[in-house]
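Colleague: I would like to go through this model feature by feature. Please give the general idea each time, then the case at hand.

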Amino acid sequence: MHLSAALGPLLALLAGALSILAFAPFDIAPLILLGPAVLFGVLPNHISPRRAAWIGWAFGCGFFGAGVSWVWVSIHVYGGASFLLATLATLLFVMALALLFAAQAWLYQRLFHPATARWLGFIAIWMGFEWLRSWFLTGFPWLLLGYAWLDTPFSPLAAVLGVWGLSLLTLCLAIGLYYAVRQRSPGALLLALGLPLISLLLPDSWTDERPDSQLKVALVQPNISQHDKWDGRLLSDILQQMIDLSEPYQQDHDLIIWPETAIPSLYYQAAPYTEPFFNQLDSYKTTLISGFPFMTRDSQQPEIPRFHNSLGIFSYGSGVYHKRRLVPFGEYVPLENQLRGLIEFFDLPMSEFSLPEHTELSLDVQGRTLAPLICYEIAYPELTRTSARQADMLLTVSNDAWFDDSLAAEQHLQIARMRALENGRWLLRGTNDGITALVAPDGGLVERLSRETAGVLSVDVPAMQGQTPYQTLGIWPVWLFSLALLIVARWPRAR
């Protein structure tokens with residue numbers, strides 16, 4: 001396909017942007033095929049790796065520009081940056097993420113120029129870069145291709161191969177369709193249909209309920225303004241609101257869940273307001289779990305305090321979990337000594353969190369084991385898998401008020417639903433202003449509260465037993481298959 005100098009990057013940019021319509025809240029799943037198919041088509045044999053990198057970067061700018069532009073809300077509305085500064089920062093963030101697609105396209109063209117099975121190499125390298133993006137520089141595993149298939153007949157494949165398997169399915173279908181339409185070669189399409197057809201034959205469930213194991217749970221959504229949350233003058237009012245919402249459920253529920261940093265202070269500051277209520281819950285044998293900031297001392301430098309974004313049990317039980325994946329700028333500031341004080345965004349409240357030296361990986365609630373994950377951590381498939389392997393159910397708490405009415409809240413919920421499906425566990429999701437929800441082991445959304453409303457979601461949640469194939473094997477099957485594609489594509493090359 002011969003393209004003018006401007007047409008290739010333009011098509012890549014548009015295809016990347018339109019691909020976002022496949023994700024929540026739009027959920028037009030077939031559009032996820034557009035991006036890989038177009039990018040493959042505009043990277044023909046004859047162009048140089050440098051030219052391919054430029055086209056890949058354009059695709060990445062469209063993909064991330066449309067998909068994660070919600071960071072502008074955090075920077076401008078809640079970070080205090082001006083309109084122009086927030087726009088510039090968002091553009092820089094998007095263009096930096098797009099460099100991963102530039103490197104992906106450069107490497108693809110460098111290794112498969114020319115080659116007889118370029119399409120196999122394209123799939124293998126794309127999968128490698130999706131995996132790279134999940135951990136490189138702490139990772140940004142957002143908008144993985146596989147999320148688009150969550151509410152389709154192909155979704156059972158996630159319990160076997162995780163979201164990675166659904167990304168692989170996307171690439172096989174996209175490139176197969178490209179060859180069928182553009183090259184009039186149905187052979188690649190027939191081969192590419194293998195994975196989707198297999199997914200249709202998989203069982204609906206790999207796990208089952210433990211008998212007599214249900215927890216009656218109340219998920220509290222207070223809808224506290226992000227501007228008010230860290231105002232110390234409002235601490236008593238905020239905690240009283242949490243208590244008022246919770247009191248009707250204190251006697252007939254096993255568990256009450258407050259969202260991420262629902263206690264917006266060190267606990268000794270909150271204790272005078274909360275202790276009477278927590279003691280009352282103890283008398284009713286009701287467990288309460290809440291997010292809160294936790295202070296420890298560095299083992300090497302005890303005089304230096306360390307703060308953690310944590311989740312703890314405050315009544316009828318004990319246990320504390322510390323967050324293991326922190327959000328840059330929101331929870332810690334890279335190059336802190338250079339950036340602190342430059343603009344208000346670099347001095348956000350509670351942006352001094354640290355990674356823990358060690359933490360509990362589960363919380364025990366009246367004989368049931370919960371795998372806790374705080375906010376952004378639910379986006380990490382492998383992190384969730386390792387925590388969920390010995391757990392009866394999943395618990396994630398978040399404060400999506402940072403994102404206002406952008407796409408982020410619905411995208412975040414979609415990601416959480418995929419974790420439930422991968423691990424065959426019920427998932428409890430508690431948030432500050434939405435979307436508080438209960439998710440079934442098949443990823444189905446059972447109940448949810450509306451955005452930006454205060455309320456309580458009361459649900460009965462059974463503990464699950466057994467493991468999905470993905471829980472047992474993780475990403476390794478997809479990794480090995482991608483490596484096999486890479487080897488076949490390079491073997492031997494036809495001139």
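This is a predicted model: local features need pLDDT of at least 70, side-chain atom pairs count only at pLDDT 80 or more; totals for chains, interfaces and linings use all residues.

Colleague: Which residues of helix 4 are buried, and what covers them?

Modeller: Buried means under 20% relative accessible area, exposed over 50%, and partly exposed in between (1.4 Å probe, protein chains only). In helix 4, residues 71-78, the buried ones are Val71, Val73, Ser74, Ile75 and Tyr78. Their cover includes helix 5 (83-111) and helix 10 (226-229).

Colleague: Where does proline 36 lie, and what does it touch?

Modeller: Contact means heavy atoms within 4.5 Å. Proline 36 lies in helix 2 (residues 34-41), and it counts as buried because its relative accessible area is 1%. Leaving out residues up to four places away in sequence, proline 36 touches Phe122, Trp126, Leu145, Leu171, Ala174 and Ile175.

Colleague: How many disulfides does a search of the whole structure find?

Modeller: A disulfide is a covalent bond between the sulfur atoms of two cysteines. Here the test is a pair of cysteine sulfur atoms within 2.5 Å, and the search finds zero. Cysteine 61 is buried at 15% relative accessibility, and cysteine 172 is buried at 11%.

Colleague: Which strands pair with strand 2, and in which sense, parallel or antiparallel?

Modeller: Two strands pair if DSSP finds at least two bridges between them. Strand 2 (residues 215-221) and strand 13 (residues 455-461) are antiparallel, with seven bridges; leucine 219 has leucine 457 of strand 13 as its bridge partner. Strand 2 also runs parallel to strand 3 (residues 255-257), joined by three bridges, and valine 217 stands opposite leucine 255 there. Strand 2 is mostly covered, with six of its seven residues buried.

Colleague: What do strand 7 and strand 8 form?

Modeller: They form a hairpin with two residues between them, and glutamine 366 in the turn has a positive phi of about 50 degrees. Three bridges join strand 7 (residues 363-365) to strand 8 in the antiparallel sense, with aspartate 364 opposite threonine 369. Strand 8 (residues 368-374) has six of its seven residues buried. Strand 8 also pairs in parallel with strand 9 (residues 393-398) over five bridges, where proline 372 has leucine 395 as its bridge partner.

Colleague: How many salt bridges does the structure hold?

Modeller: Side chains of opposite charge can pair when their charged atoms come close. The criterion is a side-chain nitrogen of Lys or Arg within 4 Å of a carboxyl oxygen of Asp or Glu, and the structure holds nine such salt bridges. One of them joins arginine 417 and aspartate 151 at 2.5 Å, N to O. Arginine 417 is in helix 15 (residues 408-423) and aspartate 151 in the loop between helix 6 (118-133) and helix 7 (158-182), so this pair ties together parts 266 residues apart in sequence.

Colleague: Are the two partners, arginine 417 and aspartate 151, buried or exposed?

Modeller: Arginine 417 is buried, at 11% relative accessible area, whereas aspartate 151 is exposed, at 53%.

Colleague: Which residue meets lysine 216 in a salt bridge?

Modeller: Aspartate 460 does, at 3.5 Å, N to O. Lysine 216 lies in strand 2 and aspartate 460 in strand 13, so the pair ties together parts 244 residues apart in sequence. Lysine 216 is partly exposed at 28%, and aspartate 460 is partly exposed at 40%.

Terms used: Residues are numbered from 1 along each chain as its sequence is written. Side-chain values use heavy atoms; hydrogens and water are left out. Helices (H or I, at least four residues) and strands (E, at least two) are DSSP runs, numbered from the N terminus.
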